[in-house]
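This report concerns charged side-chain pairs and nonpolar packing in one protein model. Please examine the sequence and structure below before reading on.

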Amino acid sequence: MFLFLKNRKDSTYAKVIGLLSSVSVCLLLLVVVLYFYMRIQEKEIFKSSNQIYNNEIHTLLNLNSESFTSISIDVTYWDEFVDFTKTRNLEWFNVSVANLLDAYKLEYVSVYTNEGELITKVSTAKIKTKDLIPKAAIDELLKKKIDHFYLKIPEGVVEIFGATIHPSNDPFKNKTNPSGCFFMARLLDNEYFADIEKISTSNIKFYEGNEKAVKTVYTIVPLKDYNDKLVSELYFKRAYNIDFWITKTILFIMGIAIVFSWIIYYTYAKKWSKLPLSFIKRILRDGDQSSINSLKNIKGEFRYIGKLFEENQIKTKELQIAKDKAEESDKLKSAFLMNLSHEVRTPMNAILGFSDLLSNTDLSPEDKEKYIRIIKESGKNLIEIIDDLVEMSKIDSNIIKPNLTPIDLNKVLDDIEESYKVVQKNSNIEFKFSRENIDKKIITDKTKLTEIIINLLNNAFKFTNEGFVIFDCKVKESKNEICFTVKDSGIGIPDDLQKNVFKRFSKLSDSEVSANDGLGLGLAISKAYVDMLGGSISFQSQVNVGTIFNFSIPLQYINEDLENSLTTIVKQPLPKDLGNEKLILVAEDDNINYLLIEKILKDINFNILRAHDGVEAVNICKTNNEIDLVLMDIKMPNLDGYEAFKQIREFNTDIPIIAQTSYSFQEELDKIEALGFTDFISKPIQKDKLYAMIQNYLKE
């Protein structure tokens, strides 16, 4: 230490080392003092614990013995017992006294005369000795009136409780002469030891003189006879878990650590101040990754600095990746908007064009019917495009949940097969539809399963000009799954595009495929549905050879009791006079939507009132008590459907109010249900669904 202080060239460093050395010596002295103090405390704590344990065991044994002493006292001031010593009525004894054996877990009960003659005794099978009380013990009892001592007999050591017999008017045994002597005994066997061990949480045995107390507190209890002579000794011990080895270890480690810390600090102090700075220079100059890793391996603030450098590099890379993704997303967005514009304009062009042609009064009925059919199909295609976008949005928002219900898979597949046999007109494509027959109904989401199969079949037909399209369904009960396969001999998927097959807006462009329409969401939605149902989907494809899509869903048969309890709902015919004398208020701000609803309702003879906004709807309901039902649009000016519903319910709680909304998100539907609307119907409104709903809520 003094050599460092003499070093003039590095005086600051020497002072730091000298200070560290002084502190280290002081800390070592402190460790030594703590060690010797700990040793003294360890001995004192053990001594105190052993004394406490000794007192505890003696108190416990005294309490245990006192209860039996009390029993012997209570039994022996009894007039009938006095009479028994004279009459020696064994029947009375067996009924009134002998039951002490079972009641108090005794092994021996006996009665003696004052002269030492055995009147009677009862005992358990553990004690074979008949007359185990010596005459000297009886004489001693006659002097003491009550006695407690131990005897050694062939069966082992027994604990004896004795008391002289007196009339009931002499409970303290000091007014009358004893009529006899009563003794109770219990054998100090394994059962006795088990009971005491359970109470005292100790290990007990007879003391042999060579026991060693290792990490235990212990005590020795002498067992003496009626003459106060030692019969045997009991050895009690309990685990002593107070050990200072952790403290000793800590103190030892502290001492070693102090020495090593001084050596390490002295050896590496200079390096710790120079090496990190050289790493930082290389990082700032060259961006050297190895220097960052070396800096991170140094403890202290330099490790934090190294992590900052690493995070900075990671963020730089992430920014570059994000930039690349943004550029790719921008390109995808542009392509999507162009595709969306084309896909929307195509049906809109048909709707507007053929609507304009319908204004021609010279059209034949056949042309009118044809144009109307084209307009309907175009409108349906437009709705499907919007539905795909909404469905994808719901999937992204985790709004859609599987609706698991019992379904007849055979019927579902039959319906799909029949529909494709009707729709598929290409005679160059051989359509094969095979599957195993399933006797039981299964539990799954029928709508989503159907959508998956239809999407895959549509793609197969779309990209196959000639050859075959094969659908196959197999049940694998060993794996608890149903496997579906759609195979085609179409154009196939190029290797470089296969990784994007299940990505949204991903489309396979082919100049020979005129049917390559849609938004490129079908397979993305199908994969999301398969995942939702707990299954998996995969494919193999080769250009100009074809594509095979495989997907599976869990196999879960319906419970037979549940299947038997399901009832078939029979669709009731719609009365033609449903609307007679019924008045419906339609709250709708959009004229076209109102005209559609008005036409639908007037066809079945309803009377219609219109409210252009929520305020008007509330006022009409207040002034007109003849309104039978309200169709309430949610999004209206001045006062929306929610607030209008609340205000109407303040003065009319009975009128049915059905919400009509263009939204189909779960949050919107939950809000409608929470407010208490009678029901809701989504736009575009389906005529049959609206009829059925109105019929349900206007029943007589």
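Where do Lys135 and Asp139 lie, and how many residues apart are they? Both belong to helix H6 (residues 135-144) and are 4 residues apart, about one turn of the helix.

## Basis of the model

The model is predicted: local features require pLDDT of at least 70, side-chain atom pairs count only at pLDDT 80 or more, and totals for chains, interfaces and linings use all residues. Residues are numbered from 1 along each chain as its sequence is written, and side-chain values use heavy atoms, with hydrogens and water left out.

Helices (H or I, at least four residues) and strands (E, at least two) are DSSP runs, numbered from the N terminus.

Side chains of opposite charge can pair when their charged atoms come close. A salt bridge is counted here when a side-chain nitrogen of Lys or Arg is within 4 Å of a carboxyl oxygen of Asp or Glu. The structure holds 19 salt bridges.

Lys135 pairs with Asp139 in this way, with the closest N and O atoms 2.5 Å apart. In terms of relative accessible area (1.4 Å probe, protein chains only), buried means under 20%, exposed over 50%, and partly exposed in between. Lys135, at 38%, is partly exposed, and Asp139, at 30%, is also partly exposed.

Helix H6 also contains Glu140 and Lys144, 4 residues apart, about one turn of the helix. Their salt bridge has its closest N and O atoms 3.8 Å apart. Glu140 counts as buried at 19% relative accessibility, whereas Lys144 is partly exposed at 40%.

## Other charged pairs

Lys448 forms a salt bridge with Asp445, the closest N and O atoms lying 3.1 Å apart. Both of these residues are buried.

## Nonpolar cores

A nonpolar core is a set of buried Ala, Val, Leu, Ile, Met, Phe, Trp, Tyr and Cys residues joined through side-chain atoms within 4.5 Å. The largest has 40 residues, and those with the most contacts inside it are Leu409, Ile453, Leu457, Phe471, Phe484 and Phe551. Among the elements that each supply at least two residues are helix H12 (409-423), helix H13 (446-462) and strand S12 (467-476). H13 gives the most, with 7 residues.

Leaving aside neighbours within four places in sequence, Phe471 is in contact (heavy atoms within 4.5 Å) with residues including Leu413, Phe433, Ile453, Leu457, Phe484 and Val486. Apart from this core lies another, of 23 residues, among them Met632, Ile634, Ala644 and Phe645.
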